[in-house]
Amino acid sequence: MPHRKTALRLAAPVAALALALTACGGGDDDTGTDAKSGATADTSPSPSQPVSGGDMTQGESATGKVAEEPGEVTYDVVAQKVEVGTEAEAAKAVADAADAKGKVLATAHLEYTHKAGPALTENSDVHDGTTVFADGQRGGVLIGAAEDAPGCEDPYDVESWKQGESHVFCETYVIPADATSVEVHWSEEDGEPYVWKFPQKQR
(Lines give C-alpha, C1' and ligand atoms only; values in the text may rest on other atoms or scores of the structure.)
Protein backbone atom coordinates (compact mmCIF):
# COMPACT_ATOMS: atom_id res chain seq x y z
CA MET A 1 0.00 0.00 0.00
CA PRO A 2 1.41 3.44 -0.81
CA HIS A 3 2.10 5.57 2.20
CA ARG A 4 0.51 9.00 2.29
CA LYS A 5 3.71 10.72 3.39
CA THR A 6 6.45 8.60 1.90
CA ALA A 7 7.68 11.45 -0.27
CA LEU A 8 7.71 13.80 2.68
CA ARG A 9 10.85 12.30 4.12
CA LEU A 10 12.69 14.09 1.30
CA ALA A 11 10.91 17.39 1.93
CA ALA A 12 12.82 20.63 2.41
CA PRO A 13 13.71 21.66 5.99
CA VAL A 14 10.97 24.29 5.88
CA ALA A 15 7.58 22.63 5.68
CA ALA A 16 4.90 23.54 3.18
CA LEU A 17 1.30 24.13 4.10
CA ALA A 18 -1.22 22.19 2.04
CA LEU A 19 -3.85 24.89 1.89
CA ALA A 20 -5.98 22.86 -0.47
CA LEU A 21 -6.96 20.72 2.49
CA THR A 22 -8.24 23.56 4.62
CA ALA A 23 -11.97 23.46 5.07
CA CYS A 24 -13.81 25.22 2.27
CA GLY A 25 -16.93 23.13 2.18
CA GLY A 26 -15.08 20.07 0.86
CA GLY A 27 -16.10 16.46 1.18
CA ASP A 28 -14.27 15.83 4.44
CA ASP A 29 -16.59 18.19 6.29
CA ASP A 30 -19.29 15.56 5.81
CA THR A 31 -17.76 13.68 8.72
CA GLY A 32 -19.55 16.10 11.04
CA THR A 33 -23.22 16.97 10.95
CA ASP A 34 -23.96 15.23 7.65
CA ALA A 35 -22.66 11.94 8.97
CA LYS A 36 -24.77 12.30 12.10
CA SER A 37 -27.91 13.09 10.12
CA GLY A 38 -27.24 10.02 7.95
CA ALA A 39 -26.94 7.88 11.05
CA THR A 40 -30.29 9.20 12.29
CA ALA A 41 -31.98 8.26 9.04
CA ASP A 42 -30.59 4.72 9.17
CA THR A 43 -31.88 3.74 12.59
CA SER A 44 -31.69 0.00 11.91
CA PRO A 45 -28.25 -0.87 10.56
CA SER A 46 -27.81 -4.37 9.21
CA PRO A 47 -26.41 -6.75 11.85
CA SER A 48 -23.70 -7.71 9.35
CA GLN A 49 -22.63 -4.08 8.95
CA PRO A 50 -19.97 -3.14 11.55
CA VAL A 51 -20.68 -0.09 13.66
CA SER A 52 -17.78 2.34 13.48
CA GLY A 53 -17.04 5.84 14.67
CA GLY A 54 -18.48 8.20 17.27
CA ASP A 55 -17.48 10.66 19.96
CA MET A 56 -14.84 9.42 22.38
CA THR A 57 -13.98 10.63 25.86
CA GLN A 58 -10.40 11.67 26.57
CA GLY A 59 -8.34 8.57 27.25
CA GLU A 60 -10.91 6.25 25.66
CA SER A 61 -9.58 3.93 22.95
CA ALA A 62 -11.27 2.94 19.71
CA THR A 63 -10.85 -0.39 17.97
CA GLY A 64 -10.55 -0.65 14.21
CA LYS A 65 -9.14 -2.78 11.42
CA VAL A 66 -6.52 -1.74 8.86
CA ALA A 67 -5.58 -3.61 5.70
CA GLU A 68 -1.83 -3.93 6.09
CA GLU A 69 0.61 -5.57 3.66
CA PRO A 70 0.71 -8.96 5.48
CA GLY A 71 -3.07 -8.94 6.13
CA GLU A 72 -5.78 -7.25 8.19
CA VAL A 73 -4.66 -5.98 11.59
CA THR A 74 -6.87 -4.90 14.49
CA TYR A 75 -5.65 -1.86 16.42
CA ASP A 76 -6.66 -0.06 19.57
CA VAL A 77 -6.29 3.68 18.94
CA VAL A 78 -6.36 6.55 21.41
CA ALA A 79 -5.67 10.25 20.92
CA GLN A 80 -3.45 11.07 23.89
CA LYS A 81 -3.18 14.85 23.52
CA VAL A 82 -2.89 17.79 21.14
CA GLU A 83 -0.02 20.24 21.48
CA VAL A 84 -0.94 23.69 20.14
CA GLY A 85 1.84 26.14 19.34
CA THR A 86 2.01 29.87 18.67
CA GLU A 87 1.56 31.99 15.56
CA ALA A 88 5.29 32.75 15.60
CA GLU A 89 6.13 29.04 15.55
CA ALA A 90 3.71 28.46 12.68
CA ALA A 91 5.25 31.30 10.67
CA LYS A 92 8.71 29.75 11.06
CA ALA A 93 7.48 26.27 10.13
CA VAL A 94 6.01 27.09 6.70
CA ALA A 95 7.72 28.21 3.52
CA ASP A 96 5.64 31.41 3.25
CA ALA A 97 4.92 33.07 6.59
CA ALA A 98 1.87 34.77 5.06
CA ASP A 99 0.21 31.35 4.80
CA ALA A 100 0.36 31.01 8.58
CA LYS A 101 -1.08 34.42 9.49
CA GLY A 102 -3.64 33.92 12.23
CA LYS A 103 -2.79 30.21 12.38
CA VAL A 104 -1.05 27.90 14.83
CA LEU A 105 0.35 24.39 14.67
CA ALA A 106 -1.63 21.57 16.28
CA THR A 107 0.23 18.30 16.77
CA ALA A 108 -1.92 15.31 17.66
CA HIS A 109 -0.31 12.42 19.54
CA LEU A 110 -1.99 9.05 18.96
CA GLU A 111 -1.09 5.70 20.46
CA TYR A 112 -1.71 2.64 18.30
CA THR A 113 -1.67 -0.85 19.83
CA HIS A 114 -1.48 -3.98 17.66
CA LYS A 115 -4.27 -6.18 19.07
CA ALA A 116 -4.79 -8.95 16.51
CA GLY A 117 -3.62 -10.06 13.10
CA PRO A 118 -0.24 -10.80 11.52
CA ALA A 119 2.96 -9.22 12.75
CA LEU A 120 4.16 -6.40 10.53
CA THR A 121 7.50 -6.61 8.77
CA GLU A 122 7.30 -3.19 7.11
CA ASN A 123 5.70 0.22 7.66
CA SER A 124 2.12 0.42 8.86
CA ASP A 125 -0.71 2.44 7.30
CA VAL A 126 -2.65 2.84 10.55
CA HIS A 127 -1.78 6.54 10.90
CA ASP A 128 -3.18 7.35 7.45
CA GLY A 129 -6.68 7.49 8.96
CA THR A 130 -5.85 10.48 11.20
CA THR A 131 -6.95 14.09 10.64
CA VAL A 132 -7.21 17.17 12.84
CA PHE A 133 -10.20 19.50 12.93
CA ALA A 134 -10.68 22.84 14.70
CA ASP A 135 -14.17 24.10 15.58
CA GLY A 136 -15.63 21.55 13.19
CA GLN A 137 -13.46 22.50 10.21
CA ARG A 138 -10.60 20.40 8.91
CA GLY A 139 -7.16 21.93 9.39
CA GLY A 140 -4.44 22.24 6.77
CA VAL A 141 -1.85 19.49 6.59
CA LEU A 142 1.67 20.66 7.38
CA ILE A 143 3.68 18.78 4.78
CA GLY A 144 7.18 17.93 5.93
CA ALA A 145 6.45 18.35 9.63
CA ALA A 146 8.83 16.41 11.86
CA GLU A 147 7.27 13.05 12.66
CA ASP A 148 9.82 12.22 15.33
CA ALA A 149 9.23 15.25 17.57
CA PRO A 150 9.57 14.69 21.36
CA GLY A 151 7.15 11.95 22.38
CA CYS A 152 6.54 10.93 18.75
CA GLU A 153 7.94 8.06 16.73
CA ASP A 154 8.60 8.21 13.02
CA PRO A 155 6.18 5.66 11.51
CA TYR A 156 8.64 4.91 8.73
CA ASP A 157 11.17 3.67 11.27
CA VAL A 158 8.74 1.07 12.64
CA GLU A 159 9.15 -1.98 10.42
CA SER A 160 8.56 -4.74 12.95
CA TRP A 161 5.31 -4.66 14.93
CA LYS A 162 3.90 -7.60 16.89
CA GLN A 163 0.70 -8.15 18.81
CA GLY A 164 0.67 -6.32 22.12
CA GLU A 165 3.14 -3.66 21.02
CA SER A 166 2.23 0.04 20.97
CA HIS A 167 3.67 3.03 19.12
CA VAL A 168 2.92 6.77 19.29
CA PHE A 169 2.68 8.58 15.95
CA CYS A 170 1.96 12.28 15.52
CA GLU A 171 0.17 14.36 12.90
CA THR A 172 0.70 18.13 12.58
CA TYR A 173 -1.97 20.40 11.13
CA VAL A 174 -2.39 24.16 10.86
CA ILE A 175 -5.53 25.52 12.53
CA PRO A 176 -6.96 28.98 13.32
CA ALA A 177 -5.27 30.59 16.33
CA ASP A 178 -8.64 31.44 17.89
CA ALA A 179 -10.05 27.90 17.73
CA THR A 180 -11.93 26.93 20.88
CA SER A 181 -11.92 23.18 20.27
CA VAL A 182 -9.52 20.84 18.50
CA GLU A 183 -10.75 17.44 17.36
CA VAL A 184 -8.63 14.43 16.48
CA HIS A 185 -10.33 12.09 14.01
CA TRP A 186 -9.28 8.53 13.23
CA SER A 187 -11.20 6.16 11.01
CA GLU A 188 -10.95 2.79 9.39
CA GLU A 189 -10.99 2.76 5.60
CA ASP A 190 -14.51 3.72 4.47
CA GLY A 191 -15.57 3.95 8.13
CA GLU A 192 -17.02 6.80 10.15
CA PRO A 193 -14.46 8.68 12.27
CA TYR A 194 -13.86 8.26 15.97
CA VAL A 195 -13.57 11.76 17.42
CA TRP A 196 -11.64 12.97 20.47
CA LYS A 197 -12.25 16.61 21.47
CA PHE A 198 -9.70 18.80 23.19
CA PRO A 199 -11.15 22.16 24.35
CA GLN A 200 -8.79 25.11 23.96
CA LYS A 201 -8.39 28.14 26.21
CA GLN A 202 -9.01 31.49 24.59
CA ARG A 203 -5.70 33.20 23.80
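Predicted model: local features only at pLDDT ≥ 70, side-chain atom pairs only at ≥ 80, totals over all residues.
The protein chain exposes about 10600 Å², with carbon and sulfur atoms supplying 52% of that area. Of the chain's 203 residues, 41% count as buried, and the secondary structure comprises two helices and 11 strands. Here is a friendly tour, topic by topic.

**Overall layout**

- Reading from the N terminus, the elements follow the order β-α-β-β-β-α-β-β-β-β-β-β-β.
- Among contacts with a separation of 6 or more, 74% join residues 24 or more positions apart.

**The nonpolar cores**

- The largest nonpolar core contains 32 residues, and Tyr 75, Tyr 112, Trp 186 and Trp 196 have the most contacts inside it.
- Seven strands each bring at least two residues to this core: β3 (62-67), β4 (72-84), β5 (103-116), β6 (130-134), β9 (166-176), β10 (181-186) and β11 (194-199).
- Strand β4 provides the largest share of this core, with six residues.
- Another core, of seven residues, lies apart from the largest one, and Val 94, Leu 105, Leu 142 and Val 174 are among its members.

**Trp 186 and the aromatic rings**

- Trp 186 deserves a look of its own: leaving aside residues up to four places away in sequence, its contacts include Gly 64, Val 66, Val 77, Leu 110 and Tyr 112.
- Further along the chain, Trp 186 also touches Val 126, Gly 129, Thr 130, Glu 192, Pro 193, Tyr 194 and Trp 196.
- The relative accessible area of Trp 186 is 0%, so this residue counts as buried.
- The model has four aromatic pairs.
- One of them joins Trp 186 and Tyr 194, with 6.4 Å centre to centre and 20 degrees between the planes; because planes under 30 degrees apart count as stacked, this pair is a stacked one.
- Tyr 194 is buried as well, at 10% relative accessibility.
- Elsewhere in the description of the rings, Tyr 75, Tyr 112, Trp 161 and Phe 169 are linked into a cluster by ring pairs.

**The five-stranded sheet**

- An open sheet is built from five strands in the order β2-β11-β10-β6-β7, with mixed pairing.
- Its edge strands are β2 (54-56) and β7 (137-138), each of which pairs on one side only.
- Strands β10 and β11 run antiparallel and are joined by six bridges.
- On the parallel side, β2 and β11 pair over three bridges.
- Val 195 in β11 turns up again here, as the bridge partner of Asp 55.

- Strands β3 and β4 run antiparallel, joined by six bridges.
- Lys 65 has Thr 74 of β4 as its bridge partner.
- Four residues lie between the two strands of this hairpin, and Gly 71 takes a positive phi near 150 degrees.
- Which residues make up the covered face of β3, and which the uncovered one? Ala 62, Gly 64 and Val 66 are on the covered face, while Thr 63, Lys 65 and Ala 67 are on the uncovered face.
- Gly 64 and Val 66, both on that covered face, are also among the residues that Trp 186 touches.

**The disulfide**

- A search of the whole structure turns up one disulfide.
- Cys 152 and Cys 170 form this bond, with their sulfur atoms 1.9 Å apart.
- The link connects distant parts of the chain: Cys 152 sits in the loop between β8 (140-143) and β9, Cys 170 sits in strand β9, and the two are 18 residues apart.
- The torsion about the S-S bond of Cys 152 and Cys 170 is about -85 degrees, so the disulfide is left-handed.
- Are the two cysteines buried or exposed? Since buried means under 20% relative accessible area, Cys 152 is buried at 9% and Cys 170 is buried at 5%.

Notes. Residues numbered from 1 in each chain as written. Heavy atoms only, no water. Buried < 20%, exposed > 50% of the residue type's maximum accessible area, 1.4 Å probe, protein only. Contact = heavy atoms within 4.5 Å. Areas by Shrake-Rupley, 256 points an atom, 1.4 Å probe, with all protein chains shown as cover. Core = buried A, V, L, I, M, F, W, Y, C linked by side-chain atoms within 4.5 Å. Phe/Tyr/Trp six-rings, centres within 6.5 Å; stacked < 30°, edge-to-face > 60°. Pairing = 2+ DSSP bridges. Disulfide = S-S within 2.5 Å.
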